[in-house]
Amino acid sequence: MFTQTGLPATIKDATGIEIAISQFSWKGFAVKLSDEQERTYREKGYLLLPGLFSRAEVAVLEDGMAQVLKRDGPEVARERDGTVHLVYGVHLFDDRLFALSRHPRIVEPCRKLTGGEVFVHQSRVNAKQFHGAMVDWHQDFGIYHRVDGLPASRGIVVAVFLDEVTACNAPVMCLPGSHGEGVIEAAVNPDGEVDQAARYRYDISRDTMARLVERFGVEAVMGPAGSMLLMDGNLVHGSSVNMTPMRRAILYINITDTHNRGAFDRPEYQAARDFSPLESLDDDCLMKWSAPGESEERVCE
Ligand SMILES: O=C(O)CCC(=O)C(=O)O
């Protein structure tokens, strides 16, 4: 663990890669990805920035999540036992989560990686509580391309960890390098035969997964609360059931470039209507909701 004032020179990401802390800046500045970080993202299809958001910021986001988890509309997908698995469109329903979608630590890296202006196509929270269901293997932007009519399967999945993600509480698993395969053949789940959360997913078949895993391997992406994961929209990923009582909530903000607009088949909570370029808010934009005395420490291991 470290604080802003006692930074070690490097930390290791979940895959053991050393990341120089000086490569990205903390409070007061948007994150500027280094060339090495950008190379990692392009080669592996993902990049983890451990502990990017402070404890105080995570507490604000946690309050935002608590509000949206109380919702009862069609934007909520439940587990078989009725607990909330997913809520879609979270940035449309809560000011704190709207601010997150405009946070410079999200917007600036996405602008750098896409090379231009970006908008939010979809946001959601996956709460993954005790016995939270599996999310089968898929590619997020492959789905948007097929279902929402995005002209290209192209974009960035931004994931902000609200809990510590460990090997035990159902981390996101991905196939590093699989984004290079483009849109992979997949089967649509028939309505009613799968959990609601997976309703629109095109899951990748077992045979294809066997081939892909042999080629790319599988990695679990783990890190402390406040970590931010950037994933290429074509990266094959999924997660297993959470067998532990340790909740594993992750906020997702899926972003693409403003040339890649979809159609209007799905509701706005699943497919954007607002294509205006994201404008970054101030770096401390979440702190106006912070309770006095909340720690601004970041947690890294
Ligand atoms: O958070 C998870 O368990 C996986 C969610 C996921 O893959 C997605 O929403 O695209």
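Predicted model: local features only at pLDDT ≥ 70, side-chain atom pairs only at ≥ 80, totals over all residues.
**A walk through the sheets and the ligand shell**

Let's start with strand β5 (residues 84-88), which runs antiparallel to β6 and is joined to β6 by three bridges. Strands here are DSSP runs (E, at least two residues), while helices are runs of H or I with at least four residues, and both are numbered from the N terminus. Two strands count as paired if DSSP finds at least two bridges between them.

Residues are numbered from 1 along each chain as its sequence is written.

Stay with β6 for a moment. β6 also pairs with strand β15 (residues 250-257), in the antiparallel sense and over eight bridges. Here valine 118 has aspartate 257 in β15 as its bridge partner. Nine of the nine residues of β6 (residues 118-126) are buried, so this strand is largely enclosed by the rest of the structure. Buried means that 20 or more other C-beta atoms, placed from the backbone, lie within 10 Å of the residue's own; exposed means 12 or fewer, and partly exposed lies in between.

Now step back to the whole protein chain, which has seven helices and 15 strands. Buried residues make up 48% of its 301 residues. Of the contacts (C-beta atoms, placed from the backbone, within 7 Å) with a separation of 6 or more, 83% are between residues 24 or more positions apart.

Next comes an open sheet of four strands, in the order β7-β14-β9-β12, with antiparallel pairing. β7 (135-138) and β12 (219-221) stand at the edges with a single partner strand each, so one side of each is left without a neighbour in the sheet. Within this sheet, two bridges join β9 (residues 172-174) to β14 (residues 237-239), and cysteine 174 stands opposite histidine 237 in β14.

The residues around it (C-beta atom, placed from the backbone, within 6 Å) are Asn126, Lys128, Val135, Asp140, Val172, His237, Gly238, Ser239, Ile250 and Tyr252. β14 and β15 are the elements that give two or more residues to this shell, and β14 provides the largest share, three residues.

Terms used. Contact = placed C-beta atoms within 7 Å.
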